[in-house]
Amino acid sequence: MSIPELTDVHPAWLPPEAFRAIGSRRTIVRAYGPLAETVRQEVAQAGGSLTEAGPADLVLTLSEAEGEDGYAISRRDGVTTVAGGDPAGLLYGFFHVVRLGEAAFEGERPVEHHRPAMRRRMLDHWDNIDVHPVMGQVERGYAGGSIFWADGALRADLTRVRAYARLLAACGINAVAINNVNVHATEAHLLTDRLGEVAAIAAAFRPYGIRVHLSVNFASPIALGGLSTADPLDADVRRWWAETTEQVYATIPDFGGYVVKADSEGQPGPFAYGRTHADGANMLADALAPFGGVVHWRAFVYNHRQDWRDRSTDRARAAYDHFAPLDGRFLDNAILQVKHGPMDFQPREPVSPVILQMQGTHLAVELQVTQEYTGQQRHVCYLAPMWSEVLGFEDVAEAGDLVAVSNVGDDRYWTGHPLAQANLYAFGRLAWDPALDPAAILDEWTDLTFARPGEPLRRTLHAMMDGSWRTYERYTAPLGVGFMVRPGHHYGPDVDGYEYTPWGTYHFADRDGVGVDRTRATGTGFTGQYPEPWSDIYESLERCPDELLLFFHHVPYGHVLQSGSTVIQHIYDTHFAGAEEVAETRLLWEKVAGAVAPDVHARVRELLDEQLRCAEEWRDQINAYFFRKSGVPDAHGRHIP
């Protein structure tokens with residue numbers, strides 16, 4: 001194996017300069033096998049001197065005491081030592097040294113133990129082989145086409161996939177599902193006659209310790225196997241899945257498992273046969289169990305043909321209503337994959353009650369790195385602070401897996417917006433250690449990506465990015481209201497765009513007030529899905545946090561928030577402030593033009609122009625809408641169209 005080099009693609013957080021400290025040292029690697037060979041190749045590529053015996057500046061060795069994927073790092077008597085619990089741990093420890101740079105070789109360093117909080121730190125790609133007529137090649141992707149497929153076929157050159165694997169390993173990610181959870185007709189064949197393509201992609205990921213997973217169509221026994229049914233309790237169906245899965249592992253022995261979206265947004269599932277989600281998931285879990293594989297069964301199940309007139313219907317309730325009665329009925333290798341909030345990756349949601357209540361089921365928490373509802377990688381929106389809040393809530397970080405929708409495409413900068421790379425990096429680091437400080441993660445990413453820049457650039461990036469999620473929230477979603485976006489593509493404001501559609505109703509604004517009554521006393525009863533004390537906190541108009549008030553309550557425009565502002569004045573103030581903050585961000589970036597590569601600066605400047613235009617559009621539409629609904633003028637006399 002050779003280290004992948006791409007001259008026409010941005011190196012993201014692994015530019016050659018990031019390896020300068022290792023490249024000037026002598027290194028011993030006391031381990032063997034494919035991943036150890038990857039470490040040797042990395043040292044050699046950095047320009048370092050590999051030696052079999054001392055003296056050495058860096059020693060990379062194995063120690064079973066550190067556990068799976070874990071490692072320890074220390075420095076004594078002029079030697080830095082990394083001890084990996086297994087070869088994967090050695091690889092992660094090597095990249096820890098890369099992050100430290102020269103600091104890894106200075107002074108004394110007592111032993112530090114590093115073990116991942118999550119067993120699987122996984123990305124879901126929503127890539128299609130064929131370009132979908134509506135969603136394109138990458139569904140909800142904002143960085144170009146697939147890095148795996150082009151023109152209906154596997155790319156002949158997978159160098160970029162190997163480079164991607166390297167980036168992911170450097171931030172701790174160890175699993176990737178390579179295709180869209182909405183499995184279309186062509187992609188369904190990856191399970192059978194196009195399995196060789198999956199094997200080729202798996203071979204590109206393997207040198208960096210990343211296992212490949214595959215999204216599969218629940219109705220595959222019909223679509224691919226010629227059966228008349230996909231009933232999960234049917235003997236022929238179960239036999240088909242067992243035999244097909246056996247063939248998958250014969251081709252890819254380290255295959256990770258399946259991802260399934262069933263009975264959701266038109267995808268087939270067990271409901272057609274009067275069966276439960278546990279029946280469906282357990283059938284696939286049985287097929288995977290002999291090989292150590294897992295099935296990630298998505299809990300994103302709701303009625304997308306609702307009657308908007310029916311105020312008792314509540315999309316937020318759906319996942320819990322479907323899955324909570326099944327708690328304890330899923331097999332050990334069936335993992336219920338739950339979106340972090342009860343809706344759909346909105347800028348602000350409460351934590352899903354499914355995560356808090358289903359104690360007898362293996363769970364994976366799902367985040368969205370691709371910014372579908374947070375600016376679509378045209379806006380600066382550093383998501384680590386939001387994820388950190390989610391992972392720090394109660395026992396969310398105790399879930400076994402952390403999964404996210406990837407934001408990568410074939411764009412030169414990987415993520416379209418160069419600064420959106422930070423979200424992908426941060427996801428990997430938080431999956432490894434949810435307690436990490438988002439600002440510290442941003443420092444890591446900045447130091448690697450911009451080759452340990454001067455303090456002015458570091459300060460500027462913090463000023464632009466630390467609060468960018470809350471800035472986005474200010475000029476878009478007030479007080480927990482979501483989905484005020486243009487239907488279909490979900491970019492830009494449309495306050496009533498989804499309000500009278502079968503997909504759900506989200507703000508219930510009228511002349512008297514705004515918000516969704518989800519209380520037990522007078523509303524949909526959603527608050528009752530939470531454990532104490534949250535059930536009572538969210539039920540209470542006085543105790544409910546301001547930022548979630550309109551998610552749980554319908555209130556008059558004159559309702560006074562805990563902040564002391566009225567709801568209507570809060571809407572005006574935050575939308576004016578959010579647009580002003582984007583304008584300030586744009587000015588900050590202009591001032592560091594000489595501190596970053598000209599092409600990077602130009603791309604970010606172009607996108608900041610679009611962000612400012614869009615933020616002003618959000619400000620004007622939201623403020624005008626609620627001014628016309630409420631009739632209440634802005635207390636500060638600012639112009640509202």
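1. F255 is buried, at a relative accessible area of 0%; buried means under 20%, exposed over 50% and partly exposed in between, with a 1.4 Å probe and protein chains only. The model is predicted: local features need pLDDT of at least 70 and side-chain atom pairs pLDDT 80 or more, while totals for chains, interfaces and linings use all residues. Residues are numbered from 1 along each chain as its sequence is written, and side-chain values use heavy atoms, without hydrogens and water.

2. The structure holds 34 aromatic pairs. Rings of Phe, Tyr and Trp (its six-membered ring) pair if their centres lie within 6.5 Å; planes under 30 degrees apart are stacked, over 60 edge-to-face, the rest tilted.

3. F148 and F205 have ring centres 6.2 Å apart and planes at 65°, so this pair is edge-to-face. Because F148 lies in the loop between β9 (136–138) and β10 (149–150) and F205 in helix α6 (residues 195–205), the pair ties together parts 57 residues apart in sequence. Helices (H or I, at least four residues) and strands (E, at least two) are DSSP runs, numbered from the N terminus. F148 is buried at 0% relative accessible area, and F205 is buried at 0%.

4. Y249 pairs edge-to-face with F255, at 5.5 Å between centres and 80° between planes. Y249 is buried, at 5% relative accessibility.

5. A cluster linked by ring pairs contains F393, F526, Y530, W534, Y538, F551 and F552.

6. The charged end of K339 sits over the F300 ring, 3.3 Å from its centre; the criterion is NZ of Lys or CZ of Arg within 6 Å of the ring centre and within 35 degrees of the ring normal. The charged end of R378 sits over the ring of Y491, 3.6 Å from its centre.
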